[in-house]
Amino acid sequence: RVTAGERPNPSVSMALGYDTRIPGAPSPWIVPINLNWPIETAGRRGARLARASHLAAAARWELIQTIWQVRSRVRSALFDLYAARRTESLAAREEAAEREVAALLQGQFEAGTVSSYLVVQARVALDGATLARQAAAGAIRQAQIRLAGALGVAPHALAGVRLSFAQLRRFPRDLSRPRIRRRALLERADVRAALERYAASQSALRLEIARQWPNLQLGPGFAWNSQLKEDGEWQLGLSLPLPILNHNQGPIAEARAERRLAAAHFLSVQADAVEQIDGALAGYRSALARVTTATSLLKGLREQLDSVRARVQAGELQPLDLADAEIALDKGAQNRLAARIEAQRALGTLEDAVQSPLTLAPSTVRAAREAVPGSRSP
């Protein structure tokens, strides 16, 4: 913007003349001084300023897009850590339940009431649960490393840091397609950057059209002639190119082509954004439906566990039945966790399509964007 707003500097020229033919001249030297003052016409400076302002705005939106990409990587890594911790916790509960089943069956086998086949099956199930817990523990370490990398810090820098996962437990449900589309087309960085670049191409076309008309060159001058008793002579010159052979048709045609290209690019970016939003919104709604089903199933399994526990206390069922019901509840909890993980990943995909955190208030998002370097206060 500063460069585009600069005005052309005037120039001064001085030339020494030497003439000895005038009789009785006390000095043969002539000293003419000429000043050349360019004057821009046809609104060139305004067009340059408009183009530069739009290009600066486009660059700022591209910076915001890069910031969003960093935020997206941090959210993904943070969610991976959250999912790994929750998976490890549920896997530990299932392992404990499987260990209890194995111990009960071992006791019954020693008492001669069950076959060794059931004991072996219980041990295999216990080993599988142990492997799942160990895998989840490894996933926690890997997620911590990814989170540190996304934040740009060493992994040990996160040691002892308390992380909040509150935003990762929320599922916004009032997301209509028109509202999401409008929000994306107003706030998505690549759409806004493409729009600013189209506006810059329009200003560039205005500038080339203005260049059809020549600039003025105002040239006042002064000559000091010591031959004529220090006589001074003033002169005023005005020059301008003659637009006879061309009227800047070539650059104007190029600017029009650049404007058409910028318009096509904007429409392409907008169409891609709408397609991503529609696909991501459909995936998120489908994932939310599975969360609802998994939650209902878990509620039924919890009621079933309460019923089995009451019947065990009444002597109608065996402790092994209670352990089996606890395992079923743990598996139901894992299924609901898997559904919630899938829904959160779908929400992350939708946020990437909108390029705006859907779990934050719009005022918070605007405040963050206004803090980006180069932003203009409202």
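## Charged pairs and their surroundings

Author: Let's start with E40, which is partly exposed at a relative accessible area of 29% (buried is under 20%, exposed is over 50%, and partly exposed lies in between, using a 1.4 Å probe and protein chains only). Before going on, the ground rules: this is a predicted model, so local features need pLDDT of at least 70 and side-chain atom pairs count only at pLDDT 80 or more, while totals for chains, interfaces and linings use all residues. Residues are numbered from 1 along each chain as its sequence is written, and side-chain values use heavy atoms, leaving out hydrogens and water.

The partner of E40 is R48, and their closest N and O atoms sit 2.7 Å apart in a salt bridge (a side-chain nitrogen of Lys or Arg within 4 Å of a carboxyl oxygen of Asp or Glu). R48 has 19% relative accessibility, so it counts as buried.

R75 pairs with E351 at 3.3 Å, N to O. Helices here are DSSP runs of H or I with at least four residues, numbered from the N terminus. Both R75 and E351 are buried.

Next up, R177 and D278 form a salt bridge with closest N and O atoms 3.2 Å apart. Since R177 is in helix α4 (residues 177-187) and D278 in helix α6 (residues 249-313), the pair ties together parts 101 residues apart in sequence. R177 is partly exposed, because its relative accessibility is 32%. Back to R75 and E351 for a moment: salt bridges with shared partners join R71 to them in one network.

As for α4 itself, its buried residues are I180, R183, A184 and E187. They fall within an arc of 95° seen down the axis, so they line one face of the helix; that arc is taken from the directions from the helix axis to the C-beta atoms. Turned away from that buried side are the exposed P178 and R182.

Last stop: E208 in helix α5 (residues 189-210). E208 is buried, at 15% relative accessibility. Leaving aside residues up to four places away in sequence, E208 touches N248, P251, I252 and A255, where contact means heavy atoms within 4.5 Å.

Terms used:
Helices (H or I, at least four residues) and strands (E, at least two) are DSSP runs, numbered from the N terminus.
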